[in-house]
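User: Please take a close look at one residue in this model and describe its surroundings. After that, go on to a few other parts.

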Amino acid sequence: GDKLERHDMSGRVGAFHHKHGTNIRLLENGTVAHRVDSYNKAVVFTEQPIALGSMFQVKLLDKGGGWAGSIRFGFTTDCPDNKEAPSGALDLYRSSNYWILSASTVHSSGQERKLDFNLESLRVGQTIGCCVNKDGELRYFVDGVDQGVGWTGLPTDKPFWGFADIYGLARKIKSEFVFDEMMSCSEDSDDEVTG
């Protein structure tokens, strides 16, 4: 028999990045992120970029503690390798390199856009997902159901890392995303010919 294996990532659940908020503990080979203290300093990123058209999706495993607010969720074009994790999503709403849904509002570049659903209503066992399509539209999904466009005009020539702030009532999330291929943001990808 043919023993050669292709080492692509399809089917392997993606992990969260080793750079994360100080109140986060990663479990189960980095596929579960648990905020173990307080209500903030709980930012996580995907270990690798999420390909255009691929879903960045997590399942809410635990919620509680009497805090206000809940998970905040989206994408960034800032490579997490190169800097310390920000303390929370609130600090990033003015950044043009982040697109973050908090409650029913997507924040980027100091601007806001409303969606028709509220992330704070996400229950334990439900999933939240988002993807950027080839037209640069950021769409959000709850349990796989399209909730509409949260933002337009995202730079499709850049890699996107998934971003979540396990804030407030949200306490633990599990990865339900896969990476299409291993890539590192430290490599200069401008020389590659894309077909």
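T46 is found in the loop between strand 3 (43-45) and strand 4 (56-63). Strands here are DSSP runs of E with at least two residues, and helices are runs of H or I with at least four, both numbered from the N terminus. The model is predicted, so local features need pLDDT of at least 70 and side-chain atom pairs count only at pLDDT 80 or more, while totals for chains, interfaces and linings use all residues. Residues are numbered from 1 along each chain as its sequence is written, and side-chain values use heavy atoms, with hydrogens and water left out.

Is T46 buried or exposed? T46 counts as buried because its relative accessibility is 0%. Buried means under 20% relative accessible area, exposed means over 50%, and partly exposed lies in between, with a 1.4 Å probe and protein chains only.

The side chain of T46 has a polar atom 2.7 Å from the backbone oxygen of Q48. A polar atom of that T46 side chain also lies 2.9 Å from the backbone nitrogen of G162. When neighbours within four places in sequence are left aside, T46 is in contact (heavy atoms within 4.5 Å) with residues including F16, F56, P80, W161, G162 and F179.

A cavity is a set of points on a 1 Å grid over the protein atoms alone where a 1.4 Å probe fits but cannot get out, and lining residues have an atom within 4 Å of a point. The structure holds one cavity of 30 Å³ or more, and the largest cavity has about 30 Å³ of space. Such a volume is the space filled by probe spheres set on the points, which are joined across faces, edges and corners.

Elsewhere, C131 lies in strand 9 (residues 127-132) and is buried, with a relative accessible area of 9%. C131 and A51 are 80 residues apart in sequence, yet 8.6 Å apart in space, C-alpha to C-alpha. Beyond its neighbours within four places in sequence, C131 is in contact with residues including G53, M55, F75, L138 and F141.

Strand 7 (residues 105-108) and strand 8 (residues 111-114) run antiparallel and are joined by four bridges; two strands pair if DSSP finds at least two bridges between them. The bridge partner of V106 is R113 in strand 8.

How values were computed:
A polar contact is a pair of N or O atoms within 3.5 Å; within protein, one must be able to donate a hydrogen and the other to accept it, and residues adjacent in sequence count only if both atoms are side-chain atoms. On a 1 Å grid over the protein atoms alone, a cavity is a set of points where a 1.4 Å probe fits but cannot get out, and a pocket is an open set with protein on both sides within 12 Å along at least five of seven lines; lining residues have an atom within 4 Å of a point.
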